[in-house]
Amino acid sequence: MWQQLAQLFVNGIITGTILALTGVGATLVFGIQRIANFAHGEYLTFAAYLGLVLNTVLGQGIVVATLGAVIGTALLAVVLHFLVLKPLSGRGLVAMSLITVGLGLMLRDAVFIFAGPQIRQLQIDQTAVYDLTLVRISPGQAVAVAITLIVAPSLALFLARTPLGKSMRAVADNRDLAAISGIDIDRIGTYVWLLAGALAGVGGILFAVVQGSFDPTLGYQVLFLIFTTVVLGGIGSAYGALLGGFALGLVMELSTWRGLAGGLEPRFKPVLAFVALILLLLYRPQGLFGKARVL
């Protein structure tokens with residue numbers, strides 16, 4: 001039973017890290033651009049399939065495939081920003097949200113058309129298992145751990161120490177005050193789309209390797225969890241999204257532990273996330289680390 005708890009803890013850390021990284025991009029986009037990007041999940045799908053092409057079609061290793069997916073998804077996010085979202089800005093939160101829903105549907109349908117509905121898999125041997133005494137991890141999980149050990153600390157340092165990261169947090173916290181202080185809001189907006197797309201690229205590859213297989217609905221399936229992470233941490237709070245993602249991943253995985261009255265069935269983990277979201281909105285609508293704001 002205790003071995004299962006240790007295993008679930010490791011699984012929760014991996015899941016939580018992926019949600020944290022993807023949640024940071026989504027929350028900064030909302031905080032800076034005032035756009036609830038419901039196409040964010042499809043960015044993950046795009047990244048997974050771009051990585052698939054590089055890995056299985058072009059024969060590149062997982063490192064090159066990951067870098068290609070990150071760069072490609074970042075460029076996709078910026079291109080859609082300049083071609084669609086920026087020209088339509090100022091239409092209001094609801095209108096812009098509906099536009100992103102349409103973008104997401106278009107991206108998902110494009111993947112269906114070009115890649116088909118078949119279940120795909122990166123070239124990683126998912127049958128092997130690494131036995132670490134207390135826990136066992138698959139090669140996909142090992143790859144995910146290696147990537148997150150590099151990306152997560154780098155992201156935290158970027159947001160905390162670099163002028164660009166500080167500017168992003170300042171604009172997300174108070175857009176008007178940041179503009180008065182001399183920060184170029186439009187320039188920061190472009191950079192935040194690049195960052196959000198890059199983190200979505202990382203998330204897409206991580207979900208692909210951890211799950212072992214994926215299809216064009218990959219991003220749609222996790223979009224709710226990403227936005228739950230954003231709300232839990234506080235909309236616009238980058239550090240809140242990081243901590244909210246970790247917390248959500250751990251809670252969902254640990255809830256299935258047999259020591260907790262038999263544990264929750266795995267298929268009900270998203271329901272648990274939904275219950276947590278409702279309770280938070282009832283008692284602290286601004287999120288754990290966010291500030292109350294008028295949208």
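Does Val 231 count as buried or exposed, and at what relative accessibility?

Analyst: A word on the model before we zoom in. This is a predicted model, in which local features need pLDDT of at least 70 and side-chain atom pairs count only at pLDDT 80 or more, while totals for chains, interfaces and linings use all residues. Residues are numbered from 1 along each chain as its sequence is written, and side-chain values use heavy atoms, with hydrogens and water left out.

Now to your residue. Val 231 counts as buried because its relative accessibility is 15%; buried means under 20% relative accessible area, exposed over 50%, and partly exposed in between, with a 1.4 Å probe and protein chains only. Helices here are DSSP runs of H or I with at least four residues, strands are runs of E with at least two, and both are numbered from the N terminus.

What surrounds this valine? Setting aside neighbours within four places in sequence, Val 231 is in contact with Leu 277, Leu 280, Leu 281 and Gly 287, where contact means heavy atoms within 4.5 Å. Pro 285 is 54 residues away from Val 231 in sequence, yet their C-alpha atoms are 8.2 Å apart in space.

Helix H11 spans residues 269–283, and its Lys 269 pairs with Glu 253 of helix H10 (residues 238–254), so the pair ties together parts 16 residues apart in sequence. The side chains of Glu 253 and Lys 269 meet in a salt bridge at 3.1 Å, N to O; the term means a side-chain nitrogen of Lys or Arg within 4 Å of a carboxyl oxygen of Asp or Glu. Both Glu 253 and Lys 269 are buried.

The structure holds two salt bridges. Another joins the side chains of Glu 42 and Arg 108, at 3.3 Å from N to O. This pair links distant parts of the chain, with Glu 42 in helix H2 (residues 40–57) and Arg 108 in helix H4 (residues 93–115), 66 residues apart. Glu 42 counts as buried because its relative accessibility is 2%, and Arg 108 is buried as well, with a relative accessible area of 17%.

Stepping back, the chain has eleven helices and two strands, and buried residues make up 50% of its 295 residues. Among contacts with a separation of 6 or more, 75% are between residues 24 or more positions apart.
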